[in-house]
Amino acid sequence: MTMIEKTHFRQPLGRSPFHPRIALLSQSEEWTSWNGYMAPRVVAKLSTEYFAVRSGCSVMDLTPMEKYRISGSDARPFLDRLVTRDISGLAAGRVTYVIWCNDEGKLIDDGTLFQLGQNDYRLCSQHHQLDWLRTSAIGFDVQVEVETQQVAALAVQGPTACSVLAEAGFDDLQALQPFRFQQSACSGLPVMVSRTGYTGDLGYELWMKPNDALPVWDAIFAVQGRYDIHAIGLSALEMVRIEAGFVMPGFDFNTAESTIRAGYDRSPYEVGLGWAVSLDKGQFTGRRALLAESARPAKRRLMKIVVEGNKPVGASFIYDRRNGRQVGEIKCAAWSPILKANLALADIEFDNGRLPRELWARIDYQRELKWHSAWARCHVSEKPFYQPGHRGLTPPNRY
Amino acid sequence: MTETLDAIVVGAGHNGLVCAGCLARAGLNVTVLESAAQCGGMAGPRSLDRDYHIPSLAHTAFPLAEHVRHDLELDRHGYVPGPPAATISLQPDGRHLRLTGHEVSGADLHDADRSAYARFADDYGGFARALTPLMTTRPPRLKDMDFTDKKTLARLGWRIRMGLGKASMYEFLRVVAMNIYDVLDEIIEDERLKGLIAADAVIGHNAGPRSPGTVLTYLMRRFNELGGPMYVVAGNGSQVIDALAAAASGLGVSLQYGSTVEKILVENGRTTGVRLNGGAVLKAPLVVSSADPRTTFLDHVGASQLDAMFTQRVSQIRGAGGIAKLHVALSGAPDFKGLDNEALADRLLIAPSMQYLERAYNHSKYAELSDKPLLEITFPSAHNGALAPAGHHVMSVNIGIAPYELGSGWDAVAQTLPYEIIATIGQYAPNLSLLVVSHEFLTPPRIEQEYRVRGGHWHHGETTIHQSFMMRPLYGAAQYDTPVDGLFLCGAGTHPGGGITGLPGHNAAKRVLELAT
Ligand SMILES: Cc1cc2nc3c(=O)[nH]c(=O)nc-3n(C[C@H](O)[C@H](O)[C@H](O)COP(=O)(O)OP(=O)(O)OC[C@H]3O[C@@H](n4cnc5c(N)ncnc54)[C@H](O)[C@@H]3O)c2cc1C
């Protein structure tokens, strides 16, 4: 374990190994804390960053994401009991999206699970999970170590991501399929590359030693003249993940371990992640509760909705008709430049297991500091709002 | 032909036998799997040097509750509780106290204390009686109560309010969460008497008289006394275990010895039977375990079949044992100074004051053994001559508070401690050491190993307030059913706890039948 220096209070937010480069590029100086790291909301200009993801190549520092190394002879049974999903298809070189619940079947967090080797896994999560993983480890021969600081990570995402990496000197990634990873190299430095991401576009995540972070970054940005490459921050990511319909634990719903008020936590079914629950796979934490819940009519669900018009949907309530009964609330929203639509995820109460027939948002917005109120009809989208065909192609399109 | 079983009971301790008998009586086809070569568990028989026989661990008992006796027709199967035994508290200066029921006598005992004790015995007997609705049924759930739960609470409330009367009720509510030290200090002067009473509040627990919850542990013991006065377990005919085994067999229960359950099988959240350590699989839709809760969940079921928080709570059940056992074969009857020979039929205590007990406990907190431990001594052979060769005796000593984890390790201590204990008792009976033929010493780890009870705990887990009633053994499994469908608990680790009562087994059977039919 690395000791925290006694001067830590002078620099309350940690610096990622990529920080020197991001700081150089930063024009707006909009920094925030992401898991205790200093992370950019916007590096230079939000619209540029957004379009880098959707029509060029974006580079984002993922180091602050929580990473855990899980090993030991019971690693697999431990993970099987931890996550709600049937992971029997997971093998070395593969990644899968997983969620996990507490005993009451309420969501604790989500993440990506990498099988690195036999009895050797990496779990990346949104929030700090050491306590939960250690609790879950009771009765298993398994070691859980935090490796957030030991692994530097970079997301390279956008339609040209594969071509950019090839140009930057990465070993061939053409054949790498979605949710697979391979050991690659860039300028002789070992980099693990997974075809994963949080943008809904073609993309890769690069995993390397902190010491190799800057040379790898430089290799990618060295081809900036030939490709449109931009470092991006959390704000652009928020836009594209909403377009892709990805939920964000702790933002779109309260995670179980941080919930104090009864009924404020959410089950996978309630946030639209029922597809990641395999009730018939055998025991996992929360199974009994989820089995019972699945037999009852749904109480509520986080829905993807398109709100008519272009008024910024911030924190709005949802009603079952104009001036009707309040049935829900918006959890996150974004204006989608590529779809020219107002997108949102909304927590909606069901009526006897059924979605209310109509949904209306009451939008309170300001014009020159004066508040106005408007009603807008909402339309439910069962599919991700934006799902470009090129994102799943192997080999990806060449640019 | 493979016979289809309705239920498997793990363990043929007295609770396993009671439970199996009750299930069979309701028409279920029941098999009991016991890893030992005999039944009884911690209350079964044991031999020393072939010629000496002695109750294994439990050497005193109270008559079983009427409803347990009745349901299993135990009297018809030869159940005869032994004759009432007095408790004699040995004093270094020879001014021993003698206690029977509500009466206490002894040199220099003041009338005020004598009558204070009679009142105390009356009051606490009443308090214990008020708990009856709670003790003889499953504890109510704290959330989502059903009719039975509400009925239990209503009956409990009624008993406390109407059964006790207003003044008594206030007193009950005042003392129930107190410690026995403060309560006794309020009403009794005599240190000897206070030590004698307090011994029953702490024996078998990791507690001193000043530990919280010791009024409750005392009340539990007094509750057991409602069935009749304490007697010394003297083996064979009168022994509850033989009667229980006969009753269970008579009801069609199959008792299989030498069968160690290694795994309780679970498929998709429901038990399907058990696997024995030889690999044989026995299928049954119901499995009722009398093994302690930690062993049942962590070893037999396994964490991979349980939720994470539940597993964590199980792993944190407090259940390190606090009692050791010394068995001694004697070539004759020891002479206790100031006592006649009849006194060997009673229960002798070395618990001269509450301070003495508190000190004995203090050491255990630091993983040490006090050189002045609490001793509870019986001579079962004084009741049953067949237990030893003619003229010989067996002596059974419970030693508290003997911490499960001893800083210096038990091995070395186990060599010398028996002689120290014999010397200590020898101060009251000078000829004792001359009579010793042989002895055996059961440390908490050895009890754990031989009786398959994690921690070697008297109650399969502490009966502190946070592990009692609707929290026993833990939230999520406190009504005998468990998070695994079809799996139930029925041993001392469940409500209302250990001792020879059969109540966990009886309550559990009721619950099994309620949920399974
Ligand atoms: C030192 C000591 C002294 C005591 N003295 C007294 C006393 O004087 N008076 C009194 O009332 N109480 C006394 N007790 C407590 C009393 O003995 C117990 O509370 C009581 O016997 C518990 O009964 P039970 O049926 O619940 O469990 P147990 O008697 O423990 O029975 C459980 C049975 O399950 C079996 N088992 C466990 N695991 C498996 C497996 N995997 N497969 C098959 N079988 C298995 C065990 O072999 C055992 O037979 C004492 C306890 C101790 C430790």
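I count a salt bridge when a side-chain nitrogen of Lys or Arg lies within 4 Å of a carboxyl oxygen of Asp or Glu. The model is predicted, so I note its terms: local features need pLDDT of at least 70, side-chain atom pairs count only at pLDDT 80 or more, and totals for chains, interfaces and linings use all residues. Residues are numbered from 1 along each chain as its sequence is written, chains are lettered from A and ligands numbered from 1 in the order in which they are written, and side-chain values use heavy atoms, without hydrogens and water.

**Entry: salt bridges**

I looked up the total over all chains and found 48 salt bridges. I then picked one inside chain A: the side chains of R69(A) and D120(A) meet at 2.7 Å, N to O. This pair links distant parts of the chain, with R69(A) in strand 4 (residues 66-71) and D120(A) in strand 7 (residues 120-125), 51 residues apart. Helices (H or I, at least four residues) and strands (E, at least two) are DSSP runs, numbered from the N terminus.

**Entry: chain A against chain B**

I took contact as heavy atoms within 4.5 Å. On that rule, 20 residues of chain A touch 17 residues of chain B. The two chains bury about 1,400 Å² between them, and 50% of it is on carbon and sulfur atoms. In chain A, D103(A), Q283(A) and R288(A) lose the most area to chain B, together 41% of what that side buries. Buried area here is the accessible area (1.4 Å probe) that two parts lose on being put together, summed over both.

I checked for charge pairing across the interface and got 1 salt bridge. R288(A) and D485(B) form a salt bridge through their side chains, at 2.9 Å, N to O.

Helix 4 of chain A gives the most, with 3 residues. By class, the side of chain A that touches chain B has 5 nonpolar, 8 polar and 7 charged residues.

**Entry: the ligand**

I listed the residues around the ligand (a heavy atom within 4 Å). There are 36, and N15(B), E34(B), M42(B), T60(B) and W458(B) come nearest. I then followed the ligand's nitrogen atoms. A backbone N or O atom of T60(B) is 2.8 Å from one. A polar backbone atom of S35(B) is 3.2 Å from a ligand nitrogen. N398(B) uses a polar side-chain atom, at 3.3 Å from a nitrogen atom of the ligand. Taken alone, the ligand exposes 1,000 Å², and the protein buries 98% of that. Helix 1 (14-25) and helix 16 (444-451) of chain B each give two or more residues to the shell.

Most residues other than glycine have a negative phi, and most peptide bonds are trans. I noted a cis bond joining T394(A) and P395(A), with omega about -5°. P395(A) sits in the segment after strand 19 (370-381) of chain A. The bond from R472(B) to P473(B) is also cis, with omega near -10°. P473(B) lies in the loop between helix 16 and strand 20 (487-489) of chain B. S187(A) is not a glycine, yet has a positive phi of about 50°.

How values were computed:
Nonpolar A, V, L, I, M, F, W, Y, C, P; charged D, E, K, R; others polar. Polar contact = N/O pair within 3.5 Å; in protein donor to acceptor, adjacent residues only side chain to side chain. Areas by Shrake-Rupley, 256 points an atom, 1.4 Å probe, with all protein chains shown as cover.
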